Amino acid sequence: MNLTLFDLDNTLLAGDSDFEWAQFLIRRGLVDAELYEAKNAEFYAQYQAGTLDIHAFLDFQLAPLARHERRELEALHAEFMREVIEPMMTPAAKALVRDHLAAGDVVAIVTATNAFVTGPIARAFGVCHLIATIPEQHNGRFTGRCRGTPAFQAGKIERVESWLESLGLWWTNFSCTTFYSDSHNDLPLLERVAEPVAVDPDERLRSHALRHGWRILSLRQAEPSSVTRHP
C-alpha cells in the first residue's frame, strides 16, 4: 500500500484557487475591490517569498465567508468551479490522480487553502481525502476564523499525521510515501516523505530538488505524466 499526497494550488491546478476565489468575489462586487485587489496581491507575494503570516492571511481570506449565508456561498462556489477552476484542471493532472487511485494508493490533497474553497475541487478530482485549513463554523455559519492548525508549511505534517492516526495508520504502514508540490513552502512535508516530487516548481524548490536529486515534472502539458511506482 502506498500513500500519495498532492498539493493543490499550482500543483494539480494550473493556478491558485485561494487567490482566484478572492478575485472572483471582487468581480461579483461582494468585497471592496480596491482594498481586496491590493491585499490579495500583497499576501500572494508574501507567500511566494516565504514570508506569509498565515494567521493574518486567514483573517483576510475567511472574513467574506462570515458575511454570507451558506446557501449563497455554495451557489457562488458552483459558479466559481465552472468559470475558474475547471479550466485550471489540466488533463495531465487529472490523469496523474487517476493513475494513483487506480493503483490502489491512499490518496489525499493537502492544501493551505480553506476547506470551503477546496472541498468541491478535491471531489472534482475524485479524491475523497482532503487535508485543508478548516474555517470555523457556528450553527452552520462561518465565523471568519480558522479552527485548529492551518495546513501550511510544517502545519501540513501535523495535519497529515493527525489524519493518518484517525485512520489507524502511520507513515510506516506504507511501502512508499509520495508528495507532489510546486512550492518551497512545502519543503517540510516534501522532506518527510520517501519520494518528494517537484511539480512545475518555483525557483527555490527547483534548486532544492536539483541539489537533492528529486524528481521534477510538469502537469501543464497536454500528455499525462507517468507515475513512478515503487515496490
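This briefing covers the sheet, the nonpolar cores, the aromatic pairs and the salt bridges of one predicted model. Local features need pLDDT of at least 70 and side-chain atom pairs count only at pLDDT 80 or more, while totals for chains, interfaces and linings use all residues. Residues are numbered from 1 along each chain as its sequence is written, and side-chain values use heavy atoms, with hydrogens and water left out. Helices (H or I, at least four residues) and strands (E, at least two) are DSSP runs, numbered from the N terminus.

**Sheet and helices**

- An open sheet of 7 strands has the order E4-E3-E2-E1-E5-E6-E7, with mixed pairing; two strands pair if DSSP finds at least two bridges between them.
- Strand E4 (141–147) and strand E7 (215–217) are the edge strands, each pairing on one side only.
- On average, neighbouring strands of this sheet are turned by 30° against each other, direction ignored. Axes are lines fitted to C-alpha atoms, for helices over the stretch in contact, and angles run from 0 to 180 degrees between N-to-C directions.
- Strand E6 (residues 195–199) runs parallel to E7 and is joined to it by 3 bridges. Ala198 stands opposite Ile216 in E7.
- Helix H4 (residues 54–62) lies across strand E2 (106–114), strand E3 (129–138) and E4, at about 170° to E4.
- Helix H6 (residues 91–102) lies across strand E1 (2–6), E2 and strand E5 (176–181), at about 160° to E1.

**Nonpolar cores**

- A nonpolar core is a set of buried Ala, Val, Leu, Ile, Met, Phe, Trp, Tyr and Cys residues joined through side-chain atoms within 4.5 Å. Buried means under 20% relative accessible area, exposed over 50%, and partly exposed in between (1.4 Å probe, protein chains only).
- The largest core has 47 residues, of which Leu12, Trp21 and Phe125 touch the most other members. Helix H5 (residues 70–85) gives the most to this core, with 6 residues.
- Apart from neighbours within four places in sequence, Leu12 is in contact with residues including Phe6, Met88, Val97, Phe125 and Leu219; contact means heavy atoms within 4.5 Å.
- A second, separate core of 22 residues includes Leu5, Ile157, Trp171 and Ala198.

**Aromatic pairs**

- Rings of Phe, Tyr and Trp (its six-membered ring) pair if their centres lie within 6.5 Å; planes under 30 degrees apart count as stacked, over 60 as edge-to-face and the rest as tilted. By this rule there are 12 aromatic pairs.
- Phe19 and Tyr44 form a tilted pair, 5.2 Å centre to centre with 40° between the planes. This pair links Phe19 in helix H2 (residues 17–27) to Tyr44 in helix H3 (residues 33–49), 25 residues apart.
- Trp21, Phe24, Phe80, Phe116 and Phe142 form one aromatic cluster.

**Salt bridges**

- A salt bridge is a side-chain nitrogen of Lys or Arg within 4 Å of a carboxyl oxygen of Asp or Glu. The count by this rule is 11 salt bridges.
- Arg28 and Glu79 form a salt bridge (2.9 Å, N to O). Arg28 lies in the loop between H2 and H3 and Glu79 in helix H5, so the pair ties together parts that are 51 residues apart in sequence.
- Glu74 and Arg70 form a salt bridge at 3.2 Å, N to O. Both residues lie in helix H5, 4 residues apart, about one turn of the helix.
- Glu161 and Arg192 form a salt bridge, with the closest N and O atoms 3.7 Å apart. Glu161 is buried at 19% relative accessible area, whereas Arg192 is partly exposed at 33%.
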